[in-house]
Amino acid sequence: MPSTAFAAADFKVFDVVGFAPRMSEIRARIRPKLEMLGQRLLPEVSRAIGTEAFPHVARHARRTVNPPDDTWVAFAPDKRGYKKHCHFKVAISRNAIRFLFEVGPEHADKKRWVAAWKKNAPKLGPVLKRMKGMAFFKNEHDEEPAAMLADLSVDELAALGEEVLRTRDGQFVVGRVAPASEAGRWTEAQYRTAALETLRALSPLYRLH
């Protein structure tokens with residue numbers, strides 16, 4: 001059975017210059033692994049969020065000129081798409097693998113989710129802070145986190161929800177990152193463990209409403 005582990009050479013795909021050449025490499029090398037990873041993680045994802053989930057591998061259909069700097073598989077409780085929902089994502093880019101929970105700018109009810117996050121942050125925040133490496137990212141595409149959750153007070157954690165409403169493109173992104181130098185040596189089992197450990201820690205965020 002083919003492996004879903006990303007080798008060091010897979011991260012080099014994002015060094016390929018030009019839209020068409022990079023997309024060709026993504027389709028050939030990265031997308032098949034993301035599709036397999038999505039299927040293999042799916043039962044645990046559904047169990048963790050308490051409802052049927054569906055994997056969505058990025059197609060980058062809106063891009064025609066600038067090549068993507070990352071690509072991913074996202075999980076959400078909607079067969080048609082993930083952007084209107086809270087979603088979990090495994091993303092690969094030039095320098096890192098990221099395991100993320102996101103409330104994006106297209107979420108169907110951002111105000112309601114933010115209100116629920118702010119109400120529950122005093123309870124959920126300390127739990128998230130206990131997981132090593134859990135961080136907040138300003139943008140879903142960032143390889144470097146903006147802040148480690150362990151360094152934030154409960155009030156600061158609650159305030160992160162406001163990022164979703166601050167601008168039209170606002171988003172709430174938390175998760176963990178592993179550098180390519182480390183993740184490029186991982187086995188398939190290590191990818192699975194890292195993804196599921198992060199997902200289970202973040203799963204209460206799916207149920208906020």
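Six bridges tie strand β2 (residues 70-76) to strand β3, and the two run antiparallel. Strands count as paired here if DSSP finds at least two bridges between them. Strands (E, at least two residues) and helices (H or I, at least four) are DSSP runs, numbered from the N terminus. In β3, V90 is the bridge partner of V73.

This is a predicted model, in which local features need pLDDT of at least 70 and side-chain atom pairs count only at pLDDT 80 or more, while totals for chains, interfaces and linings use all residues. Residues are numbered from 1 along each chain as its sequence is written, and side-chain values use heavy atoms, with hydrogens and water left out.

**The sheet.** What is the order of the strands in the open sheet? The order is β1-β2-β3-β4-β7-β5-β6, seven strands with antiparallel pairing. The edge strands are β1 (54-57) and β6 (147-148), and each pairs on one side only.

Strand β3 (residues 87-93) runs antiparallel to β4 and is joined to it by six bridges. A hairpin of two residues connects β3 to β4. F88 stands opposite F101 in β4. Strand β7 (residues 172-179) pairs with β4 over eight bridges, again in the antiparallel sense. I97 faces A178 in β7 across this pairing.

Is β4 mostly covered or exposed? β4 is mostly covered: eight of its eight residues are buried. Buried means under 20% relative accessible area, exposed means over 50%, and partly exposed lies in between (1.4 Å probe, protein chains only). In a regular strand the side chains alternate between the two faces of the sheet. In β4, A96, R98, L100 and E102 point one way. I97, F99, F101 and V103 point the other way.

**Helices on the sheet.** Helix α2 (residues 19-49) lies across β1, β2 and β3, at about 25° to β2. Helix α7 (residues 188-202) also packs on the sheet. α7 touches β3, β4 and β7, and its direction makes about 25° with that of β4. For these angles, axes are lines fitted to C-alpha atoms, for helices over the stretch in contact, and angles run from 0 to 180 degrees between N-to-C directions.

The expected span of a helix is 1.5 Å times one less than its number of residues. For the 15 residues of α7 that gives 21 Å, and the end C-alpha atoms are 21 Å apart, which agrees. Among the buried residues of α7 are Y191, A194, A195, T198 and L202. An α-helix has 3.6 residues a turn, so residues three or four places apart point the same way.

**Nonpolar cores.** A nonpolar core is a set of buried Ala, Val, Leu, Ile, Met, Phe, Trp, Tyr and Cys residues joined through side-chain atoms within 4.5 Å. The largest core has 59 residues. F99, F101, W113, W117, F172, Y191 and L205 touch the most other members. Helix α2 gives the most to this core, with 11 residues. A second, separate core has six residues, including A58, W72, A76 and A91. In soluble globular proteins, nonpolar side chains tend to be buried together.

F172 shows the packing in detail. Leaving aside neighbours within four places in sequence, F172 is in contact (heavy atoms within 4.5 Å) with F101, E102, V103, W113, W117, L160, G161, V164 and L205.

**Salt bridges.** A salt bridge puts a side-chain nitrogen of Lys or Arg within 4 Å of a carboxyl oxygen of Asp or Glu. By this rule the count comes to 16.

| Pair | Closest N to O |
|---|---|
| E140 and K89 | 2.6 Å |
| K118 and E162 | 2.5 Å |

E102 and K89 are both buried. E140 is buried as well. E140 sits in the loop between β5 (135-137) and β6, 51 residues from K89 in strand β3.

K118 lies in helix α3 (residues 110-130), and E162 lies in the loop between α4 (154-159) and α5 (163-166), 44 residues apart. Why does K118 count as partly exposed? Because its relative accessibility is 38%. E162 is partly exposed too, with a relative accessible area of 28%. Elsewhere, salt bridges that share partners join D10, R29 and K33 into one network.
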